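Please keep the sequence at hand while working through the points.

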Amino acid sequence: MTAEGPDAQATGPAPHPGGLVEVVLPGKVEPEGLEIRYGAVPEPGPGQVLVRMEATGVSFAEQQMRRGRYFDQPPFPFVPGYDLVGRVQSTGAGVDPALTGTRVAALVKTGGWASHLPIDAADVVAVPEGIGAPEAETLVVNGITAWQMLHRRARVRAGGTVLVHGANGGVGSVLVQLALAAGAEVIGTASARHHEALRAQGVAPLDYRAGDLAARVRALAPEGVDAVFDHLGERSAVDSWGLLAPGGTLVCYGSAATRDAEGSQQWPILRLLGRVWLWNALPNRRRACFYNVWAGRALAKSRFRARLRADLGQVFGALQRGEISPRIAARLPLARTAEALRLAESGTVAGKVVLVP
């Protein structure tokens, strides 16, 4: 056991000050089955920077990964952690040494639950001065996802009406704020305990457990909504499609309702993709898409990186202007990752659970 609590088993050589600390997912385990591994700090390779983590977090992806249900997760064991914020500790060959000491953010998919991580220099984005690491961390994967879905996929404009499922969650809370900043009217689904906070932001909240959600959305938007952002899966997407106004866009970005299901991890996504294809093939004046933050990286890496840098810059700019604020549900040390994962999976918190060294 670690000296800081019984959350995870310590493996590898004894820790030493400044050494590498990683949280390992060994297989399909409960959060308490996570392992802490110690080792030597890696050296950055050519074209890389070594980032000393200042903040990482728990996203829905890790919740799926521990169940073996994330669409393209690596084989066990591996170090989870979808994104991180930290300082460049050293640079590899071919990288400007002046980057050392710079605070950066990175989207990595795995590996973020570690004290140190080598990352390609082209994949890090500078964090503006005045933004703290935990605050920036809440806006990396969640901010990029929300910005790109709102502005690149749905192209929401002032005066439009949008429906955000899970308006209190990590992505949903950023989506709500960005949509309001764009001048849209926002309807948000969440459990009743979050409604007061949503109303204070200017959101019309709906309890997703109260029954006949579609009728209650239509009561607020009789002509339909201009965009729906749905992370729940195929069944919810069918209802969301029926709520669109002519010219509206449905953006699907997950299958949260199948998180605890058995069977194929790919099948729920493939069925949803089939629905999206069919809807778009029909002449119905509406469109649907499935959003994947990694889309385009394999075929056009430089374009993908430029777009990510530009969009995260827009999110950080919105934060600096006060249009959005970080939603930190809790911050816990890396040694208590099991507790952080349990908390994130509980559905009781608003915003993102952040891990710090």
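In which sense do E4 and strand E16 pair, and over how many bridges?

1. The model is a predicted one. In it, E4 and strand E16, which spans residues 352-356, pair in the antiparallel sense over 3 bridges. Within this pairing, Thr 56 stands opposite Leu 355 in E16.

2. Strand E4 itself covers residues 48-58 and is mostly covered, since 9 of its 11 residues are buried. As a general point to keep in mind when looking along a strand, side chains in a regular strand alternate between the two faces of the sheet.

3. E4 also pairs with strand E5 (residues 83-91), to which it is joined by 7 bridges in an antiparallel arrangement, and here Leu 50 is found opposite Ser 90 in E5. With strand E7 (residues 116-120) E4 again runs antiparallel, joined by 5 bridges, and Arg 52 stands opposite His 116 in E7.

4. A separate matter is the cysteines, for the structure holds 0 disulfides. A disulfide is a covalent bond between the sulfur atoms of two cysteines. For Cys 252, the closest cysteine sulfur is that of Cys 289, and because the two sulfurs are 7.4 Å apart, they are too far for a bond; the cut-off applied here is 2.5 Å.

5. Are Cys 252 and Cys 289 buried or exposed? Cys 252 is buried, with a relative accessible area of 1%, and Cys 289 also counts as buried, at 10% relative accessibility.

Notes: Residues numbered from 1 in each chain as written. Predicted model: local features only at pLDDT ≥ 70, side-chain atom pairs only at ≥ 80, totals over all residues. Heavy atoms only, no water. Buried < 20%, exposed > 50% of the residue type's maximum accessible area, 1.4 Å probe, protein only. Helix = DSSP H or I, 4+ residues; strand = E, 2+ residues; numbered from the N terminus. Pairing = 2+ DSSP bridges.
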